[in-house]
Amino acid sequence: MWLPNLPRLAFLLSLFLSIALVYASEKEMEPIENERNASYWMEQAQRQLAERLERSREAGGGDTRVAKNVIMLLGDGLSITTLTAARILKGQHAGRSGEECQLAVEQFPYSGLSKTYCTDSQTADSACAATACLTGVKTNYGSIGQSAQGAKVESIVHWAQEAGKATGIVTTTRLTDASPAAAYAHVKRRSQELDIGRQLIEDAPGRYLDVILGGGLGKFASERTDGRDLLKQWHAANPDGCFARTLGGLRDCGATNGSLLGLFSDSHMAYHLAASKDQPRLCDMTEAAIKRLEQQPNGYFVFIEGGRIDHGHHETRAGYALDEMLELDAAIETAVRLTNARDTLIVVTADHSHTLSMAGYANRGTAILGLDPSQRDLDGIPYSTLNYAIGKWQSLNKAGKRENPAPHLSRTSFTPSYIHAKGVHSGEDVAVFALGPQAHLFSGVMEQNLLPHLMAYAACLGQGTTICQQNS
């Protein structure tokens, strides 16, 4: 009986598989190359919008309302675990067990999930993710306001201004940081913050913003090396405008009708837990922005970011991150209170996730920033309810063995982690919540770059399909 030459057969099989894999790789690279073009993402989003509209019609959807106003609130690094843990912390602050508490977004009638990957990265940074959220185009890691090919792409802020609406940005980070920058800037690298600051004051759509509130004074004056004083330029362009440096100054600006600029720190605004009474909270800035923008009869678009959730996670200090989420929660409550769901679309989401986990079988009511001593590892050592996959502190003793973290846990302490490294993002989907006209379109799983197309549809902005076209 003939038997095959096994070594030769193995070699031929290996060669065949290698060729097949190369061919498959080349085939897989084709759409990735297409993704470098802005048109790929714009066309994809419009197709996905059309599919959602068709499903809505088949289900008997009859929402014909147009969103006069659009408020987009973004929690930077707001993972689903962060939502759950912040809910519990909110309830525990009120003296309850915590698990039964509700965040403001839990009152919203529609929710979904957003896929956050970038054109060249499985896990997003804030630059590429915010570009997707605000321009409708996915791009490379670290890039802002441009396609992966390097072509300039306009944001929904620009679309709103073209439609005659008032516009604003609010953040607890530097105004030149990645997420707010995606509303107005176009740079290859997010680190180009001095140029981002220049674009905010000198170029459209930044120079036409009616409200600009956040941190980062240094990028507009003291840190500049080009001789520009961007604050003087803003005052010259907005002679009736009001400039605020403190909470009191922000409140005083309420008596004026011009544009509003607030710079409340040299860099990022302080964490709420560490802030002075002179620093406005995110809910204070949200209220000031809405009250200023609602004076515009044609409506408005405003981007509001709770940016320091992300920073707390990067430091692997869950207490800071959760408190910043509760600050965003208060801002959402403020936005709902000051607006009417009949004519205002409110969308809440995140740009990317983080590696925070909530594990074990802790008893009901266990302090979310602490531990249940009955929950132990195989060596009998208790572990905290919240942990990071990657972070700075492993709760090890001098011999390198894990020890009980309880004596070291507080609302500002490091949270234990598994792998010793700087805190990093994670790549899983993030939540989307919507309330108001066309909010039903924000349910299910969606590409992150679909979000501005859905908002534009509801508010009749941009060059794509809109509810105004459907109603005519």
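Guide: A cavity, as the word is used here, is a set of grid points where a 1.4 Å probe fits but cannot get out. The model is a predicted one, and a search of the whole structure for cavities of 30 Å³ or more finds one.

Visitor: Which elements give two or more residues to the lining of the largest pocket?

Guide: The largest pocket holds about 320 Å³ of space. Its lining is made by 16 residues, and those nearest its centre are Asp377, Gln394, Arg402, Ser417 and Tyr418. The elements that contribute two or more residues to this lining are β11 (386-391) and β12 (417-420).

Visitor: How many residues does the second, separate core have?

Guide: Leu200, one of the residues with the most contacts inside the largest core, touches Ile169, Leu175, Tyr184, Gly206, Arg207, Leu209, Ile212 and Phe220 when residues up to four places away in sequence are not counted. The second core is separate and includes Leu103, Leu213, Ala350 and Ala431, its size being 53 residues.

Visitor: Are the ring planes of Tyr40 and Trp41 stacked or edge-to-face?

Guide: The search of the whole structure finds two aromatic pairs, and the rings of Tyr40 and Trp41 have their centres 4.9 Å apart. Trp41 is buried at a relative accessible area of 0%, whereas Tyr40 is partly exposed at 23%. Planes over 60 degrees apart count as edge-to-face, and the planes of Tyr40 and Trp41 stand at 85°, so the pair is edge-to-face.

Visitor: How many residues apart in sequence are the parts that Tyr271 and Tyr320 tie together?

Guide: The rings of Tyr271 and Tyr320 are stacked, because their planes are at 15° with the centres 4.3 Å apart, and both residues are buried. Tyr271 lies in the loop between β6 (260-263) and α10 (282-293), while Tyr320 belongs to helix α12 (residues 318-338), so the pair ties together parts whose separation in sequence is 49 residues.

Visitor: What is the C-alpha to C-alpha distance between Gly216 and Leu175?

Guide: Gly216 is placed in the loop between β4 (211-215) and α8 (230-237), and its relative accessible area of 0% makes it buried. Leaving aside neighbours within four places in sequence, its contacts are Arg174, Leu263, Ser265, Asp266 and Ser267. Gly216 and Leu175 are 41 residues apart in sequence, yet from C-alpha to C-alpha the distance is 5.9 Å.

Visitor: Is Ser56 buried or exposed?

Guide: Ser56 lies in helix α2 (residues 38-58) and touches Gly61 and His440, with residues up to four places away in sequence not counted. Buried means under 20% relative accessible area, and Ser56 has 15%, so it counts as buried.

Key
Residues numbered from 1 in each chain as written. Predicted model: local features only at pLDDT ≥ 70, side-chain atom pairs only at ≥ 80, totals over all residues. Heavy atoms only, no water. Core = buried A, V, L, I, M, F, W, Y, C linked by side-chain atoms within 4.5 Å. Buried < 20%, exposed > 50% of the residue type's maximum accessible area, 1.4 Å probe, protein only. Contact = heavy atoms within 4.5 Å. Phe/Tyr/Trp six-rings, centres within 6.5 Å; stacked < 30°, edge-to-face > 60°. Helix = DSSP H or I, 4+ residues; strand = E, 2+ residues; numbered from the N terminus. 1 Å grid on protein atoms, 1.4 Å probe; cavity = no way out; pocket = protein on both sides within 12 Å on 5 of 7 lines; lining within 4 Å. Points joined across faces, edges and corners; volume = space filled by probe spheres on them.
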